[in-house]
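Subject: Structure handover

Hello,

Here is the structure I said I would pass on. My notes on it come after the coordinates.

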Amino acid sequence: MLEFTDHTIDVGRLARALNDGRAGALASFEGRVRNTHLGKGVMALEYEASAVLARNEFAKIAAAAKCEWRVLEVLCVHRVGRLEIGETAIWLGVLAPHRKEAFAACEHIMSELKARLPIWKKEFWNDGTYTWVDEACGCVLPKSE
Amino acid sequence: MKGLVLTGGKSSRMGAPKAELSYHGEAEFVRLYRLLSGFCDEVFLSVSDNWRPGEQAFRLLEDRGLSKGPLSGVAAAFTLHPTSAFIVVACDMPLFDAQALKELISHRDATMHATCFSLDGTTAEPLCAIYEAGAGRLVFEALSRDMRCARRVMQTMSVKYVKPSNPSWVRNVNSKEEFESFSSAGPALQVDVTYVAMLREAAGKSQEWVATRATTPRALFEELRSRYAFALKAERMRVAINDEIVPWSTPLNDKDRLIFVPPVAGG
């Protein structure tokens with residue numbers, strides 16, 4: 001399941017929500033807002049998502065992971081709106097019977113999410129400009145605010 | 001050959017000038033002026049006291065008080081250039097396009113007074129036609145006798161009739177509503193486009209209904225890309241129809257909901 005929120009992500013609540021007696025492992029990843037990107041100082045971020053499309057894509061990614069590994073449940077929460085340095089941008093939890101498959105699936109799903117989910121990130125630099133982040137391109141085209 | 005765009009003054013029914021109605025993202029007079037410019041060495045915009053464009057980028061041809069309907073514009077054109085032929089197009093045929101123009105020109109018979117489209121082979125469509133230089137005299141004569149109906153005046157001429165391979169080209173449309181109701185039965189589609197992130201900033205809006213004759217999201221994106229000067233190319237993006245990512249070549253259907261997906265950066 002994928003959720004979007006414009007409030008602080010409560011990591012503890014999410015971990016507790018993944019509850020299954022068959023599970024011996026919960027592998028989770030928490031992505032936070034870093035204060036630099038491409039060597040430049042970052043002041044804040046703004047995320048925007050196309051929620052329905054994202055949930056449909058997420059369902060495909062989770063289904064594919066469940067085919068490859070023995071995974072019991074996948075839960076993800078992504079922030080939208082403005083985030084300050086250090087805040088949690090994403091939390092992904094994968095519940096599985098054993099450690100190895102939980103880690104492997106978590107890593108794989110995270111890579112797929114980053115590449116495929118319709119979520120866009122505006123980076124506000126310390127110098128007052130902003131950029132729509134384009135990871136594949138890696139180029140930075142600052143615009144004046 | 002020279003071109004003449006007939007702007008037709010104020011629409012009595014709509015209260016807005018027909019020439020300013022926009023079916024393809026720009027005013028019809030601008031679209032037709034540019035269309036003709038691709039085929040003619042000089043293009044004129046026929047204007048009268050009723051209407052003239054706000055911009056200055058057009059060669060204007062004044063009706064000088066003649067104002068006896070569209071033929072006044074044709075007469076003014078022949079007054080200025082008596083030895084030239086004119087392609088004449090009026091601003092009430094939103095589906096008249098480059099293909100239509102090419103077809104008309106390819107069937108031109110310069111030994112006649114005029115070459116024009118006709119759906120049935122006998123009834124002329126006089127406001128999308130080629131008038132040869134020799135037709136000027138007949139237009140002047142008709143107007144001097146107060147004969148204003150272009151179709152009747154054309155009956156006094158020798159005319160080469162061309163059956164358009166697409167009848168919609170010569171279809172008269174007088175309002176956006178009419179265009180939309182017509183296009184839902186015809187070849188054009190109405191699709192719901194959502195703009196996200198940098199595309200929203202470039203377009204200045206997050207959503208709109210777009211009337212298009214594009215048959216794939218790729219063709220539609222190219223239309224919108226030139227309309228809004230999007231920096232991103234389709235190659236760097238994906239597209240979703242009705243909330244599923246689909247190939248760029250997927251056929252478009254009426255009422256589809258589209259999201260163009262620029263490079264993503266979640267996580």
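The notes below take the chains one by one and then turn to the contact between them.

Please keep in mind that this is a predicted model.

Chain A. This chain holds 3 helices and 10 strands. Along the sequence, their order is β-α-β-β-β-α-β-β-β-α-β-β-β. Of its 145 residues, 46% are buried. Among contacts in chain A with a separation of 6 or more, 71% join residues 24 or more positions apart.

Chain B. Here there are 8 helices and 12 strands. The chain has 267 residues, and 53% of them are buried. For contacts in chain B with a separation of 6 or more, the share from residues 24 or more positions apart is 62%.

Cores. The largest nonpolar core consists of 58 residues. Those with the most contacts inside this core are Leu4(B), Phe29(B), Phe96(B), Phe117(B), Tyr131(B), Met154(B) and Met157(B). Leaving aside residues up to four places away in sequence, Phe29(B) touches a set of residues including Val5(B), Ala19(B), Leu45(B), Trp51(B), Phe58(B) and Cys91(B). Its partners also include Glu20(B) and Glu55(B), as well as Thr7(B) and Pro53(B). There is a second, separate core of 34 residues, with Leu199(B), Leu220(B), Leu232(B) and Trp248(B) among its members.

Interface. Chain A contributes 28 residues to the contact and chain B contributes 19. About 1900 Å² is buried between the two chains, and carbon and sulfur atoms give 51% of that area. On the chain B side, the residues that lose the most area to chain A are Val264(B), Ala265(B) and Gly267(B), which together make up 29% of what that side buries.

As for polar interactions, 13 residue pairs are in polar contact between chain B and chain A, both residues being at pLDDT 80 or more. Across the same interface there are 5 salt bridges. Arg238(B) forms a salt bridge with Glu57(A), with 3.9 Å between the closest N and O atoms.

Which elements of chain B supply at least two residues each to the side that touches chain A? They are helix H7 (197-203) and the strands E10 (238-241), E11 (244-246) and E12 (257-261). H7(B) gives the largest share of that side, with 4 residues. By residue class, the side of chain B that touches chain A has 11 nonpolar, 6 charged and 2 polar residues.

Regards

Methods:
Residues numbered from 1 in each chain as written. Chains lettered and ligands numbered in written order. Predicted model: local features only at pLDDT ≥ 70, side-chain atom pairs only at ≥ 80, totals over all residues. Heavy atoms only, no water. Contact = heavy atoms within 4.5 Å. Buried area = accessible area lost by both parts, 1.4 Å probe. Salt bridge = Lys/Arg side-chain N within 4 Å of Asp/Glu carboxyl O. Polar contact = N/O pair within 3.5 Å; in protein donor to acceptor, adjacent residues only side chain to side chain. Nonpolar A, V, L, I, M, F, W, Y, C, P; charged D, E, K, R; others polar. Core = buried A, V, L, I, M, F, W, Y, C linked by side-chain atoms within 4.5 Å. Buried < 20%, exposed > 50% of the residue type's maximum accessible area, 1.4 Å probe, protein only.
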